[in-house]
Amino acid sequence: MLTAVVSLTVIAGPAFAKKADRPTPPRIDVDPAALDRDTITIGGGVGLVPSYDGSNDYVVIPAAAVRGRVDGINFSSRGLQLSADLIRDKSLASWDLMLGPVVSLNLNRTARIIDTRVLALGRRRAALEVGGYVGIGKTGVITSPYDRLSVRVNYVRDVTGVHDSYVLMPVIDYGTPISRRAYVGIGGSATIVGDGYAETYFAVDAAGAARSGLPLFARPRGGVKNYTANLLFNYALSGDLQRGLQLFTLVSYSRLQGDFARSPLTSVAGNPNQFYSAIGLGYTF
């Protein structure tokens, strides 16, 4: 799930010093045996996102998410990216090694382009990106025996020849239940891409400059594309996060960097500050 960097003190609540000067975790009545069962959560709702990467126009889109655990295999979606952890670790284990495949669908500049100057540059085909990830997680870190901190690195590469390049994403996530009904996730990530990605989505060649009126920006270079922070909140309408109906909300902020911020698609027609939000309902089986 997606997550943003905020003060953990706010999430954990007030801390009272003990002999070891450690915060007293909140009491959360959770059935440990239920944490090891197979489970699937499916969610749907609406999102508000930039009309393309770097745009200052926003559009409403359908939002969907899935996560779960089946026979010891964990899987989850992040936007249009789906990943699975093929290392079978018990959910009650303190440490969790993660390794598995990642498949992503890149729809940047394929549709919903509002700015006529960017539209004049032409649409892009959808890119299928395939790769994998590796990471490590720790359960029982700060607020309770059930909070979790994880670090992972995703690597995917376009296999459809659209941008014919790679996307590398280091991610850090922290999540904790603050009661049996409520869960908060926070975290951040960086996105690093190759030259082909930069040229496909952020370049303006001579012909494109003539059609659109945007300045020439022929050869943007790859590198760090953006830094992102996310905040997720889940609330169990059924009274239990482990099963039943849930309300979820997500807010995210991303800041484009380098040639991605200097590109006329961003600096003239858009904005390097990117905001995302979503709200919807999910059900845990």
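Reader: How many bridges join strand S9 to strand S10?
Author: Strand S9 covers residues 182-193 and strand S10 covers residues 223-236. Strands are DSSP runs of E with at least two residues, helices are runs of H or I with at least four, and both are numbered from the N terminus. Two strands pair if DSSP finds at least two bridges between them. S9 and S10 run antiparallel, and the number of bridges is twelve.

Reader: What kind of model is this, and which pLDDT do local features need?
Author: Residues are numbered from 1 along each chain as its sequence is written, and side-chain values use heavy atoms, with hydrogens and water left out. This is a predicted model: totals for chains, interfaces and linings use all residues, side-chain atom pairs count only at pLDDT 80 or more, and local features need pLDDT of at least 70.

Reader: Which residue in S10 stands opposite Gly187?
Author: Strands of a sheet pair through backbone hydrogen bonds, either parallel or antiparallel. S9 and S10 take the antiparallel sense. The residue in S10 opposite Gly187 is Asn230.

Reader: What is the average twist from one strand to the next?
Author: A closed barrel of twelve strands runs from S1 through to S12, with antiparallel pairing. Axes are lines fitted to C-alpha atoms, for helices over the stretch in contact, and angles run from 0 to 180 degrees between N-to-C directions. From one strand to the next, the average twist is 20°.

Reader: How many bridges join S4 to S5, and how many join S5 to S6?
Author: S4 (residues 81-85) and S5 (residues 95-106) run antiparallel and share three bridges. Leu82 has Val103 as its bridge partner in S5. Val102 stands opposite Gly131 in S6.

Reader: How many bridges link S7 to S8?
Author: S6 and S7 pair in the antiparallel sense over eleven bridges, with Thr139 partnered by Arg148 in S7. S7 is also antiparallel to S8. There, Val151 stands opposite Ile172. The S7 to S8 bridges number ten.

Reader: What is the angle between the ring planes of Tyr155 and Tyr166?
Author: Five aromatic pairs turn up in a search of the whole structure. Rings of Phe, Tyr and Trp (its six-membered ring) pair if their centres lie within 6.5 Å; planes under 30 degrees apart count as stacked, over 60 as edge-to-face and the rest as tilted. Tyr155 and Tyr166 are stacked, at 6.0 Å centre to centre, with a plane angle of 15°.

Reader: What is the relative accessible area of Tyr166?
Author: Tyr155 lies in S7 and Tyr166 in S8, eleven residues apart. Buried means under 20% relative accessible area, exposed over 50%, and partly exposed in between (1.4 Å probe, protein chains only). Tyr155 counts as partly exposed because its value is 37%. Tyr166 is also partly exposed, at 27%.

Reader: Why is the pair of Phe202 and Phe260 edge-to-face?
Author: Phe202 lies in helix H3 and Phe260 in helix H5, so the pair ties together parts 58 residues apart in sequence. The centres are 5.1 Å apart, and the pair is edge-to-face because the planes stand at 85°.

Reader: Which ring lies under the charged end of Arg152?
Author: A charge sits over a ring if NZ of Lys or CZ of Arg is within 6 Å of the ring centre and within 35 degrees of the ring normal. Lys138 does this with Trp95, at 5.6 Å from the ring centre. Arg152 has its charged end 3.9 Å from the centre of the ring of Tyr133.

Reader: Which residues does Gly208 touch, not counting residues up to four places away in sequence?
Author: Gly208 lies in helix H4 (residues 206-212) and counts as buried because its relative accessibility is 0%. Contact means heavy atoms within 4.5 Å. With those sequence neighbours left out, Gly208 touches Leu121 and Gly213.

Reader: What is the phi of Asp164?
Author: Arg112 is not a glycine, yet has a positive phi of about 60°; the residue sits in the loop between S5 and helix H2. Asp164 is in the loop between S7 and S8. Asp164, likewise a residue other than glycine, has a positive phi near 50°.
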